[in-house]
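Take a walk through this chain from one end towards the other. Keep the sequence and the 3D view side by side.

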Amino acid sequence: MERQKNRFLEELAKGLGNHQDKEEILLEYASHIDEIIIEFYECSNEEELLERIVSRLGSPDEIAELWKEELSVTPSNMKWLFILLNILFFGGGSLLTLAHNLYQWQWLNTIWRYLTTIPTLIAFLYMFFWALLGYEIGRGFGHGGRRLLKKTFLLSLIPNLILMVLTVFQIIPHSWFAPLLTKTFIIACIIFTFFLYPISWIGYRWGRRASI
């Protein structure tokens with residue numbers, strides 16, 4: 001069994017070449033191969049076991065190519081993509097709120113009334129965004145993505161914190177958000193904010209596992 005495991009890892013190491021996360025990738029795959037060996041402990045045929053490992057994880061060449069492709073997605077691009085997406089959410093919401101309070105357009109009032117009836121759904125969709133942030137970083141950068149996740153999370157959170165301060169200190173009139181903005185809703189938003197990083201972290205772990 002160990003011979004097939006070592007053979008797989010040697011071929012993978014050769015395919016990875018000078019990949020920056022080579023050692024971490026090999027350790028991760030060694031762990032998964034051990035799990036497969038335990039799962040198929042009754043299999044005494046080494047070639048059959050190797051086929052099962054390849055069918056589950058992919059061939060060493062396929063895995064190496066995937067990891068090389070991941071290097072083409074730079075951490076900087078990934079970070080700014082999610083920061084800009086979050087700014088876009090807040091920018092769009094701010095424009096909608098401003099237009100709703102300044103103009104009496106019927107179609108805009110209809111959209112506003114509809115959105116204010118589904119705050120819970122909007123909150124869950126927004127949490128999905130943060131989970132996706134973690135997932136994509138985990139899938140794209142694996143072990144090396146932990147620092148990127150923290151940096152991207154903190155920078156992306158800036159619009160949230162600014163809006164929270166403006167709202168709590170009533171710099172933005174609460175009446176602008178009526179009937180959505182109640183004390184209960186404000187407290188719920190603050191609590192949700194504390195859960196955003198754990199949600200992103202879970203997404204990161206999921207993405208890291210999916211990259212294997």
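What follows is a short tour of selected residues and surface patches. The model is predicted.

Begin with helix H1, which covers residues 2-16 and holds Glu11. Glu11 is partly exposed, because its relative accessible area is 37% and that class lies between the 20% and 50% limits. Now find Ala64. Glu11 and Ala64 are 53 residues apart along the chain, yet their C-alpha atoms are separated by 9.3 Å.

Next, look at the loop between helix H2 (22-39) and helix H3 (46-57). Cys43 sits there.

Leu98, Leu102, Tyr103, Trp105, Trp107 and Ile111 make a nonpolar patch of about 620 Å². Which helices supply at least two residues each? They are helix H5 (75-102) and helix H6 (106-115). Pick out Leu102, a residue of helix H5. Its relative accessible area is 53%. Exposed means over 50%, so Leu102 is classed as exposed.

Helix H8 comes next. It runs over residues 146-156, and Ser156 belongs to it. Ser156 is buried, because its relative accessible area is 0%. What does Ser156 touch, leaving aside residues up to four places away in sequence? Its contacts are Phe82, Ile83, Asn86, Trp130 and Leu133.

A positive patch is formed by Arg146, Arg147, Lys150, Lys151 and Arg205. Four residues of this patch come from H8, and that is the largest share. Arg205 has its place in helix H10, residues 183-210. Arg205 is partly exposed, because its relative accessible area of 42% falls between the limits for buried and exposed.

To finish, turn the model to the nonpolar patch, where Leu102 is one of the residues, and then to the positive patch, where Arg205 is one of the residues.

Methods. Residues are numbered from 1 along each chain as its sequence is written. This is a predicted model: local features need pLDDT of at least 70, side-chain atom pairs count only at pLDDT 80 or more; totals for chains, interfaces and linings use all residues. Side-chain values use heavy atoms; hydrogens and water are left out. Buried means under 20% relative accessible area, exposed over 50%, partly exposed in between (1.4 Å probe, protein chains only). Contact means heavy atoms within 4.5 Å. Patches are made of residues with over 30% relative accessible area and no salt bridge: like charges are joined within 9 Å, nonpolar side chains (Val, Leu, Ile, Met, Phe, Trp, Tyr) within 5 Å. Accessible areas come from the Shrake-Rupley method with a 1.4 Å probe; for residues, only the protein chains shown count as cover. A salt bridge is a side-chain nitrogen of Lys or Arg within 4 Å of a carboxyl oxygen of Asp or Glu. Lys and Arg count as positive and Asp and Glu as negative; His and the chain ends are not counted. The place of a charge is taken as NZ of Lys, CZ of Arg, CG of Asp or CD of Glu.
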